[in-house]
Amino acid sequence: MPRMNELKYTSVEVCAGAGGQAVGLHNAGFKHAALIEIDRDACQTLRGNTSAHPEWAGCTVIEADLREFDSARLGLAPGELDLLAGGVPCPPFSAAGKQLGRDDERDLFPRMLELVDELDPRAVMIENVRGLLDPKFAEYRQEIIKQLESMGYEECYWEVLEAKRYGVPQLRPRAILVAMKPEYARHFQHTKPEGHEEVTVGEALHDSMRARYDAVADDPRAENAFKQWYEKALEGVAPTVVGGSKKHGGADLGPTRAKRAWADLGVCGLGVANEPHEMKDAERDLFAAAGPKLTVTQAALIQGFPSTWRFSGRKTAAYRQVGNAFPPPVAQAVGEQIYAAFEAAQKAQER
């Protein structure tokens, strides 16, 4: 999804990861002042993709633990920032975990709200897992809304957006909260895509998979293997790409049920393939019984990243960044609605 708006409004993003939300908000017309992230490899990914790009001029990548971060480092006066965004850690609310919520030491919602209070941005956007909207967290959500209201914000919406409805070839529901100062909130219009045609795994990966098999065209199995994969991959969207945590082992495409779903799409989920220029074992990467394994680059395409976005670190670290990302097209859609509210408010003030 190309950038349609002028880079006009400023943003700071916390827990920026590998830049999925940053890419989406950039495409929506937000000029990042800073991207804050604790993971060293992810910070290198962010720097590698933004430092030499003129459209990202002025964007500082800050490697820091958000719990210890001093917002004074940003050099922004209260009220100067347009948008504070972030995907605070999801394990406290994930159905795959213990769902400890506020009792989980990884819960950074309190720190996010402190930053809202310190920076006083015009709008706030927070992304998390669908589990946060479960009934068991209703009281916690209400407390967050009350705190935002006490700081002068209105809740625009807090609900689940499904990535596949935004052109992402993947099932990835995410809970998105948008709150704005009243003069902007009254102009905010939350619209969901209607009748959006799903992009299948086959459509998303055709060119990259074709290139991988062309690289081993001297193998007599290559053409048939590609056709078998492609026929299956056209059947639908992918299951949720998962990155896992540093506590667990190497990269693969998720739990048993997810691996079965990948197999139905002609993809082997038992690991991640090397990039074509680094491939050492075609038998493992392309000719497994369940089908080809995905490369990190292909997993990023499933997340909706542009093909030009590169990931730093070794394969497992790079794949983890991809698997934990927020799909850029979803972030862009939400960002464009926030941008439109700012524009409408500005026009109303000029009348």
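The request and its answer follow. Where along the chain is Leu7 found, and which residues does Leu7 touch?

Analyst: This is a predicted model, in which local features need pLDDT of at least 70 and side-chain atom pairs count only at pLDDT 80 or more, while totals for chains, interfaces and linings use all residues. Residues are numbered from 1 along each chain as its sequence is written, and side-chain values use heavy atoms, leaving out hydrogens and water.

The chain holds 12 helices and 7 strands (DSSP runs numbered from the N terminus: helices are H or I with at least four residues, strands are E with at least two). Its radius of gyration is 21 Å, close to the 20 Å that the globule rule gives for 351 residues, so the chain is as compact as a globular protein of that length. That radius is taken over C-alpha atoms, and the rule is 2.2 Å times the number of residues to the power 0.38.

Leu7 lies in the segment before β1, the strand at 9–14. Of the 351 residues, 52% are buried, whereas Leu7 is partly exposed, with a relative accessible area of 21%. Buried means under 20%, exposed over 50%, and partly exposed in between, using a 1.4 Å probe and protein chains only.

Leaving aside residues up to four places away in sequence, Leu7 touches His26, Gly29, Phe30, Lys31 and Glu55; a contact means heavy atoms within 4.5 Å. Gly29 is 22 residues from Leu7 along the chain, yet their C-alpha atoms are separated by 4.3 Å. In the chain as a whole, 71% of contacts between residues at least 6 apart in sequence join residues at least 24 apart.
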